Amino acid sequence: MATRSTLAAPVTARIEVKKSIFIGQVIPVVDVAQANAALAAIRKEHYGARHHCSAMILGDDGELQRSNDDGEPAGSAGAPILAVLVHQNLTNVIAVVTRYFGGTLLGVGGLIRAYTSAVSGALTRATVVSYQPATAYLLSCDFEIQGDFESKLRMWLENHCAELTQASYEPHPQFELRVAESDEVDFATWVAPWRSKGVSSAALGAAKIAIS
């Protein structure tokens, strides 16, 4: 499964081209509603700007992609912004470039370069968080084997793309974990012998796991 990336926090960059100011912002979001809210907030903050061109990529596999030229010539703003996000293998982000018009027409080529530079400049300041799609599991066992099982479980996790997200011991030992899709076959093989010792496992659903 391909590794995907998003941002740890919003980033901003400002460039000037022939007296036009371009303010590029890239913001991590979780869905279309949050992306639209981020765009609306930028429009409100920079209400005097002529254009707020944008692009977003959403979904674990980046399956939703949208762009908007917001009054600039077709293909001169939204598509170049989107291309930068795609090139960086990002998802769950929206990029907005606000333009304060400086009075000089830049032409389609000039606009493409300016909008691309504004987004690329912002991303040079970004902290990128990479992750793989994963599955969350809940494992349960009896107190009689808890010590041995938990010790070996933690050892397995340390050597795989997986993490323990929660451990609880009342009313009985339970362990919530995430296992990357790339290690799910190994996990199934590892946990199988424990079932005869009273360990139960249940898949909780899709998740994500950060990787270094």
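A pocket, on a 1 Å grid over the protein atoms alone, is an open set of points where a 1.4 Å probe fits, with protein on both sides within 12 Å along at least five of seven lines, and its lining residues have an atom within 4 Å of a point. The model is predicted, so local features need pLDDT of at least 70 and side-chain atom pairs pLDDT 80 or more, while totals for chains, interfaces and linings use all residues. Residues are numbered from 1 along each chain as its sequence is written, and side-chain values use heavy atoms, without hydrogens and water.

The largest pocket holds about 160 Å³ of space, a volume being the space filled by probe spheres set on the grid points, which are joined across faces, edges and corners. Its lining includes Thr6, Val129, Tyr131 and Arg178. Strand E10 (200–211) supplies the largest share of this lining, 3 residues, and strand E7 (128–140) supplies at least two. Strands are DSSP runs of at least two residues (E) and helices of at least four (H or I), numbered from the N terminus.

The whole structure has 5 salt bridges, each a side-chain nitrogen of Lys or Arg within 4 Å of a carboxyl oxygen of Asp or Glu. One of them joins Asp70 and Arg43 (3.3 Å, N to O). Asp70 lies in the loop between strand E5 and helix H2 and Arg43 in helix H1, so this pair ties together parts 27 residues apart in sequence. Another salt bridge joins Glu72 and Arg99, with the closest N and O atoms 2.9 Å apart.
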